[in-house]
Amino acid sequence: IIIVKSTVIPETSQKTILPILERESRKKDQVGFYLLTNPEFLRETKAIEDTLNPHLVVIGGQSAAASKLKRFYSNLHPKTPIITTNHQTAEMIKYANNSFLATKISFINQIASICEAIPGSNIETVAKAIGTDPRIGSLFLSAGPGYGGSCLPKDVKAIIRFSTKYCVRSPLLDAVDQINEEQLKRIITIIEKKIGKISGKTISVLGLAFKADTDDIRDSVSIKLIELLLKRKAKIIAHDPKAIDNAKAVLGDKIEYTVSIRDALKDSCCTVILTPWRDYANINNDDIRSMKKKIIIDSRRMLSDHKLNADYYAIGIGK
């Protein structure tokens, strides 16, 4: 029994993997071997928890082997629902799952943009309220700089491209992807509005990993923002509790790295908080005292309740 765990475009198992297996093994499917699709649903930083307690098991491939794998999972996770279907549907389930999560993020970021235009409006309260609706749910409703990581960006783009193969338009997913790209551009616009010309200015970037509690910088919004700021000839000082080494592998000596938040803020004319590390929620007036200009752009609203002696701008909060 050969099981495909990776996220692969629909029809990959049947049209790509199966012919290779038959050619190389000189055996036939369901005679010399069985091929099954079994996509994983693991969150980064939660992989062990999600492996031990999955919310769902999907098995693609209608054969005796599928029944055997189902019995295995039933014994391992007796309370977990199991869906058995064909290969292409199992593959599509994973893409639909990730695309929907990306849609929720782009949706709440769009609403956050509207909130910013309304004095006194707060996206945190909006998200909390709509999240109580069981038809919506509270997960993936945290407005921010856009989604990143090794899954959502590539999966949304992949399913959009795949749909064109069958001449199927996907305007909703196109919008999800576009909103995510524009969220980064919005941050650049806010920086320019606050400090004027970026060239020659020192900007602090707090957070390099695409999410907290990991050192993963794959498709990190922070790295993309830094690259855009470097093109505008800004001087960047960056801080992250875990991801500095990985960032150095990509950015090299183009920017300055610090292990201290205060050192990252020193002589900066603008600070951008991107990754919601818990340490950043403790920033106070002593920490920002050495900033050249006390301008803080908080994409995660981590300091929204603090009384800072600074020009403070939080994504999703109207002023």
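Me: I see that α2 (47-52), α4, α5 and α6 (152-165) each give at least two residues to the lining of the largest pocket. What is the volume of that pocket?

Reply: Welcome! This is a predicted model, so keep in mind that every value is computed from it. Here is the general idea: rolling a probe the size of a water molecule over the atoms shows where empty space is left. In this model, the largest pocket has a volume of about 1800 Å³. Its lining counts 47 residues, and R43, L101, F140, L152 and K211 are the ones nearest its centre.

Me: Which helix gives the most to that lining, and how do the residues divide by class?

Reply: α4 gives the most, with 7 residues. By class, the lining of the largest pocket holds 19 nonpolar, 14 polar and 14 charged residues. You can then turn to the second largest pocket, with a volume of about 220 Å³. Of the 15 residues that line this second pocket, K5, D50, T51, P54 and Y73 lie nearest its centre. Its lining has 9 nonpolar, 3 polar and 3 charged residues, and α2, β3 (57-60) and α3 (64-76) each supply at least two residues.

Me: How many cavities of 30 Å³ or more are there?

Reply: A cavity is space where the probe fits but cannot get out. The count comes to 3 cavities of 30 Å³ or more. About 60 Å³ of space lies in the largest cavity, which is lined by P145, Y147, N180, E181, L184, V221 and K224.

Me: Helix α7 has come up, so how do I read it? What span does α7 reach, and which of its residues are buried?

Reply: An α-helix has 3.6 residues a turn, so residues three or four places apart point the same way. With 25 residues, α7 reaches 36 Å from its first C-alpha to its last, close to the 36 Å expected at 1.5 Å a residue. Its buried residues include L173, V176, N180, Q183, L184, I187 and I191. Just after α7, G196 takes a positive phi of about 80 degrees.

Me: Which residues touch the most other members of the largest nonpolar core?

Reply: In soluble globular proteins, nonpolar side chains tend to be buried together. Here the largest nonpolar core has 60 residues, and I191, I203, L229 and V272 touch the most other members. The largest share of this core, 6 residues, comes from α7. Take V272 as a case: leaving aside neighbours within four places in sequence, its contacts are I187, I191, I203, S204, V205, L206, L225 and I297. There is also a second, separate core of 11 residues, with I105, V156, L173 and V176 among them.

Me: Now a loop residue. Is S121 buried or exposed?

Reply: S121 sits in the loop between α4 (87-116) and α5 (123-131). Buried means under 20% relative accessible area. S121 has 15%, so it counts as buried. Beyond its neighbours within four places in sequence, S121 is in contact with C115, G316, I317 and G318.

Me: What is the overall picture of the chain?

Reply: The protein chain has 10 helices and 10 strands, and 47% of its 319 residues count as buried. Its C-alpha trace spans about 70 × 45 × 40 Å along its principal axes.

How values were computed
Residues are numbered from 1 along each chain as its sequence is written. Side-chain values use heavy atoms; hydrogens and water are left out. On a 1 Å grid over the protein atoms alone, a cavity is a set of points where a 1.4 Å probe fits but cannot get out, and a pocket is an open set with protein on both sides within 12 Å along at least five of seven lines; lining residues have an atom within 4 Å of a point. Grid points are joined across faces, edges and corners, and a volume is the space filled by probe spheres set on the points. Helices (H or I, at least four residues) and strands (E, at least two) are DSSP runs, numbered from the N terminus. The expected span of a helix is 1.5 Å times one less than its number of residues. Buried means under 20% relative accessible area, exposed over 50%, partly exposed in between (1.4 Å probe, protein chains only). A nonpolar core is a set of buried Ala, Val, Leu, Ile, Met, Phe, Trp, Tyr and Cys residues joined through side-chain atoms within 4.5 Å. Contact means heavy atoms within 4.5 Å. Ala, Val, Leu, Ile, Met, Phe, Trp, Tyr, Cys and Pro count as nonpolar, Asp, Glu, Lys and Arg as charged, and the others, Gly among them, as polar.
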